[in-house]
Amino acid sequence: MSASRLWLERTVGVVCVAVVSAAALGAGGKSATKGPRRAVAQMRLPEAVTQDPPAKPIDVQPVDRGTRPAVAAAARAVDALVDKGLETHGVEPTRPLEDDAFARRVYLELAGRIPTHDELVAFLRSDAADKRAELIDRLLESPDYVSHFYNFWADILRLQERPDKHLVFEPYLDYVKDSIRTNKPYDTWVREMLTADGRLWENPAVGFQLRDEGMPLPYVDNTVRVFLGTQIGCAQCHDHPFDHWTQREFYELAALTAGTQTRPGGPGPGRKERRVMASGSEAARAARDLQLANRDRNQKNKAAVAQYLRANVTNVAFADKKLLLPHDYQYDDAKPLTAVSPKVLWGEVPEAVRRADGRQQFAAWVVARDNRQFARTIANRLWKKLMGVGLVEPGDDFKEDNPASDPMLLEHLTDEMLRLDFDLREFVRIVVSTDVYQRRAVLHDTMSAAPFRFPGPALKRMTAEQLWDSILTLVARNPWSIQRPTTAEVAGIMNVDLRTASLADVDRGLERFLGHYGKGPAKRRMMQVCGYRGLELVRASELPTPLPLGHFLRQFGQSDRETIEGGRTVATIPQILAMFNGPITHAMLEQGSVIYDEVTSHAPREAIDVVYLAVLSRRPGADDRALAIQEIMSADDKATGCGNLIWALLNTREFIFIQ
Amino acid sequence: MHRHHNGTFLDDRLARRAVFGRIARTTLGVTLLDGLSGPLAEAAAATNKGGVNLVILTMRGAMSHLDTFDPKPGREEQGETKPIQTKTPGVVFGEHLPRLAALSDRLAVIRSMTTETGDHQQGQYVMRTAYPVLGSIRHPSLGSWALHVQGKASRELPGYVLVGNGNEHPGAGFLDPAVTPVPVADPTLGLENTVRPQYLSEKNFNRRLALADKLDADFKRAFAGPQLEAYNQMYKDAVRLLGSVDLEAFDIAKESEKTRDRYGSSTFGQGCLLARRLVEAGVRCVEVEYGKWDMHREIFEELPETAGTLDQGMATLLADLEDRGLLSSTLVVLATEFGRTPRINENAGRDHHPAVFSCALAGAGVQGGMVYGASDERGFRPAADAVSVPDFLSTVAAACGLPHDKEFMAPNGRPFKIGGGGKPIRAVLA
């Protein structure tokens with residue numbers, strides 16, 4: 001009934017010439033008669049994804065080959081510490097990875113996908129002494145790296161396109177991607193986000209503060225958790241008996257950023273129509289007038305007009321403001337509703353900013369070099385990303401009674417982060433260059449009481465995004481047919497000068513906006529370009545966020561982007577059903593898919609090898625080969641046999657786990 | 001293992017095996033695993049028609065107690081939500097719950113719930129497991145315990161279905177992966193991808209599975225452990241499910257339009273309808289999430305729709321279960337992670353309030369028409385009979401006939417109880 005059938009017959013036709021005898025060429029079988037022509041028309045892959053990708057889908061900061069010796073030396077220093085730990089605890093390291101398994105792992109970890117057949121074969125054939133270092137460097141400067149690490153940060157920063165109806169977050173999402181693309185030093189990046197002022201399309205870094213708009217206490221809680229690996233949230237309500245932090249300390253810290261404002265003149269008395277009426281800028285007054293006029297019109301997109309106006313006046317600014325203790329403050333050291341003086345949790349505010357406003361002080365303190373917890377948190381986070389287990393687990397709960405499994409190693413990695421001036425990509429480059437990273441994976445039971453000693457990286461399931469992008473690698477030659485809008489694009493569409501705008505201008509602006517970023521039109525446009533049976537065949541990083549619960553990515557555990565690091569890799573039945581019967585696993589059987597072309601462009605006798613290299617990134621063993629041949633020979637028709645082989649490999653644990 | 005004295009394990013032989021299997025796996029390493037897969041699979045397939053069904057309605061984001069089950073008429077804190085009289089004399093609910101007010105004689109409302117944390121994720125975890133989040137272990141959710149102890153009621157259908165987002169859910173915790181909830185993202189779509197592509201015959205499908213098994217044998221052997229075992233188990237369950245004639249229990253389109261309308265067009269309402277169908281078909285536990293309660297802003301604009309959706313879905317579910325004679329064997333739990341502040345903030349919303357909040361129970365094992373405990377006059381703290389989350393979940397366990405006072409051994413060698421060692425509220429139990 002399908003193109004896949006047609007293809008399978010052809011392919012297997014050829015496979016079978018070699019594997020079996022000419023007798024197998026009865027390839028037609030039952031299925032051949034069933035109008036493949038009609039089916040081809042129904043189920044073709046969209047043209048945009050079968051074309052060659054753009055030469056530079058994303059222009060990435062190149063990796064400096066000159067620092068390779070320094071990277072190697074730094075990797076050796078890490079290895080020495082890991083090996084010492086192994087020796088002390090009598091744990092045997094696992095054996096070094098072969099080239100094929102190494103390639104699969106670094107592709108998945110740095111590029112977020114499996115290698116294509118051709119990429120893998122080129123790497124395996126190379127006899128250059130530094131071919132692993134070269135592969136690492138090439139991947140770190142690839143568009144795939146930006147896409148993959150964008151996914152990594154999207155999970156941490158809870159990146160959504162509309163965290164609230166009036167928050168048009170596309171510019172912020174673009175900013176995050178861009179910070180990865182340019183490899184912006186991490187301390188600079190974080191400081192920008194914690195201190196940015198303005199509207200989203202003027203200064204998109206404001207998105208971080210707007211993510212918790214109107215919730216100043218959760219904002220501080222989340223910020224400390226993400227960047228300083230410390231949980232103070234319980235102290236928001238009361239002193240927790242088992243926790244270090246008091247409610248007073250929480251409020252003292254929150255007092256630093258309490259003056260962050262996101263609306264002109266502050267929030268109104270509680271009614272939407274009064275919200276933007278509060279005294280404020282000229283623009284805000286204009287917005288109020290427009291909104292009031294709009295209310296009288298009784299038009300059907302009244303709410304949309306209101307949100308559009310609100311988006312235009314949403315503006316982050318700061319003016320110091322006192323924070324009062326809650327009215328139910330129950331401890332003896334202060335009275336309820338008294339103002340707290342701002343104070344950081346530990347250490348001191350850096351000298352240079354002591355006269356600056358509270359928000360500047362807070363940001364400077366968070367990212368300061370002598371606030372080692374900042375460097376330690378990100379070092380531990382990246383170590384966990386690559387090695388599967390953090391030195392402190394969970395990585396957002398550093399405290400005295402949750403010590404690092406190897407404190408020396410963690411402090412060394414922290415030193416490295418500081419030495420590298422928060423160059424995250426260089427840090428990643430060092431870790432993946434270590435021997436320990438290039439060893440075979442081991443099982444780690446997260447429920448085991450024994451600390452993990454890193455005899456090799458821990459076995460883990462691909463993230464939802466790695467799985468999606470890997471399957472896409474087997475399907476789409478061009479996974480970049482659609483990319484996220486840029487800040488400039490959004491600005492051109494969103495921006496209205498409210499002081500001079502008429503209602504008609506607002507209507508036109510809104511129409512433009514909905515036409516581009518409204519859910520329906522955006523989806524339709526994507527489907528037109530790269531849609532295949534209800535799915536958009538583009539990289540996970542370019543898909544809408546959050547995706548609906550039933551999407552393949554959500555089934556496999558992608559975060560709803562509501563909770564920090566909400567992604568999961570737990571097994572569920574709907575995942576298996578999607579692998580069995582869902583459209584994405586069948587897309588690769590279509591004519592014009594990557595694996596189709598890879599198989600058909602090789603000699604027939606190589607077909608089984610090509611399938612293995614493309615799907616599992618290795619050649620079949622003798623037993624595998626025997627089973628594959630047997631399957632193809634004994635299937636109803638030979639076409640089916642080959643389809644079965646590809647399907648079967650996709651449904652192995654070997655495919656979805658990273659060894 | 002020295003804690004294995006009398007009574008620390010269930011008498012149920014299969015459940016016991018499952019626990020042993022888990023322990024063996026983590027303490028004796030991987031060699032035992034292959035030998036255990038037989039009995040484990042058997043345990044998963046075992047059925048038990050009796051026992052109490054459990055439907056949990058999880059209000060994510062923290063449901064405001066003052067605006068739902070614990071109004072404070074005449075107080076400034078009450079804001080815009082008016083009280084309405086319920087069927088139970090002297091008991092009022094918030095105005096957005098008229099249908100539940102009319103069914104108050106079926107409800108046991110607890111107004112003195114209290115918890116430790118004001119963090120959503122942690123609060124939800126505690127409400128599902130009775131234990132705080134720990135880095136070193138994942139605790140089983142109550143539904144997984146119920147399934148673990150009572151077994152499945154249907155051979156092919158899953159024992160535990162979650163209508164909502166599986167990511168946040170503790171699931172089976174340290175129990176066998178077989179008691180993991182099956183997430184259904186959208187109740188109107190039910191369980192997706194259950195139909196084979198037309199070109200794929202059943203015979204070929206089975207060939208594919210067998211081939212995958214053989215080709216994967218080396219890898220499975222090399223990395224045998226809980227992670228892979230969970231996937232092995234899901235593959236088995238998925239295949240068993242695909243062969244089930246009861247699959248249409250997942251399809252609410254089989255209901256009349258009139259019935260569907262009675263539950264309301266919301267995802268939550270349709271989820272309640274799906275819950276009813278699944279319980280009827282023999283699914284032991286169904287959890288339906290509803291996540292719009294985190295009302296830091298404009299709470300009185302949000303409440304009519306959100307609370308109204310809860311009211312319609314839950315009230316229709318209770319009525320339907322009763323009509324079908326299922327309410328006496330099904331416990332319906334309305335839970336939320338904490339309450340919301342009595343004080344209305346400057347954005348006209350209410351913030352997180354763990355000190356006191358409300359939950360409710362109805363059906364099997366509990367008394368109707370009762371209010372247990374009370375908050376103080378402002379709705380700020382428990383005034384009488386404070387109920388901790390472990391107390392609440394122990395009450396649920398007791399109502400379901402689960403052994404809440406028995407110790408179970410987790411793989412880290414530490415003892416755990418269903419309901420976290422809380423004290424069941426005798427006054428609420430029937």
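Trainee: In which loop is Pro546(A) found?

Mentor: A cis peptide bond joins Thr545(A) and Pro546(A), with omega about 0°. Helices (H or I, at least four residues) and strands (E, at least two) are DSSP runs, numbered from the N terminus. In these terms, Pro546(A) is found in the loop between strand S7 (535-536) and helix H25 (552-555) of chain A.

Trainee: What kind of model is this, and how are residues, chains and ligands labelled?

Mentor: Residues are numbered from 1 along each chain as its sequence is written, while chains are lettered from A and ligands numbered from 1 in the order in which they are written. Local features need pLDDT of at least 70, side-chain atom pairs count only at pLDDT 80 or more, and totals for chains, interfaces and linings use all residues, for this is a predicted model.

Trainee: What average pLDDT does chain A have?

Mentor: The term pLDDT stands for the predictor's confidence in each residue, from 0 to 100. In chain A, 89% of the residues score at least 70. The average pLDDT of chain A is 87.

Trainee: Over which residues of chain A does pLDDT stay under 50, with 77 contacts beyond four places in sequence?

Mentor: Two residues are in contact if their C-beta atoms, placed from the backbone, lie within 7 Å. Where pLDDT is low, the predicted coordinates should not be read in detail. The stretch with pLDDT under 50 and 77 such contacts is residues 1-42 of chain A.

Trainee: Is Phe422(A) buried or exposed?

Mentor: Phe422(A) has a positive phi of about 60° although it is not a glycine, and its place is in the loop between H19 and helix H20 (424-432) of chain A. A residue is buried if 20 or more other C-beta atoms lie within 10 Å of its own, exposed if 12 or fewer, and partly exposed in between, with C-beta atoms placed from the backbone. Since 22 other C-beta atoms lie within 10 Å, Phe422(A) is buried.

Trainee: How far apart are the C-alpha atoms of Asn183(A) and Gln61(A)?

Mentor: Asn183(A) is found in the loop between helix H9 (170-181) and helix H10 (186-195) of chain A. Because it has 21 C-beta neighbours inside 10 Å, Asn183(A) counts as buried. Leaving aside neighbours within four places in sequence, Asn183(A) is in contact with Gln61(A), Asp423(A) and Arg425(A). Gln61(A) is 122 residues away along the chain, yet the two C-alpha atoms are separated by 6.8 Å.

Trainee: What share of the 430 residues of chain B counts as buried?

Mentor: Chain B has twelve helices and 17 strands. Among its contacts between residues at least 6 apart in sequence, 73% join residues at least 24 apart. The buried share of chain B is 59%.

Trainee: Which helix gives the largest share of the side of chain B that touches chain A?

Mentor: The contact takes 66 residues from chain B and 61 residues from chain A. On the side of chain B, the elements that give two or more residues are strand S6 (182-184), helix H6 (202-215), helix H7 (217-222) and helix H8 (226-242). The largest share, ten residues, comes from H8(B).

Trainee: Within what arc do the buried residues of H6(B) fall?

Mentor: H6(B) has the buried residues Arg207(B), Arg208(B), Leu211(B), Ala212(B) and Leu215(B). The arc is that of the directions from the helix axis to the C-beta atoms. Seen down the axis, the buried residues of H6(B) line one face of the helix, because they fall within an arc of 135°.

Trainee: Which exposed residues does the face of H6(B) turned away from its buried side carry?

Mentor: An α-helix has 3.6 residues a turn, so residues three or four places apart point the same way. On the face of H6(B) turned away from its buried side, the exposed residues are Glu202(B), Lys203(B) and Asn206(B).

Trainee: In which loop is the place of Asn193(B)?

Mentor: Asn193(B) has a phi near 60°, a positive value in a residue other than glycine. Asn193(B) is buried, because 23 other C-beta atoms lie within 10 Å. Its place is in the loop between S6 and H6 of chain B.
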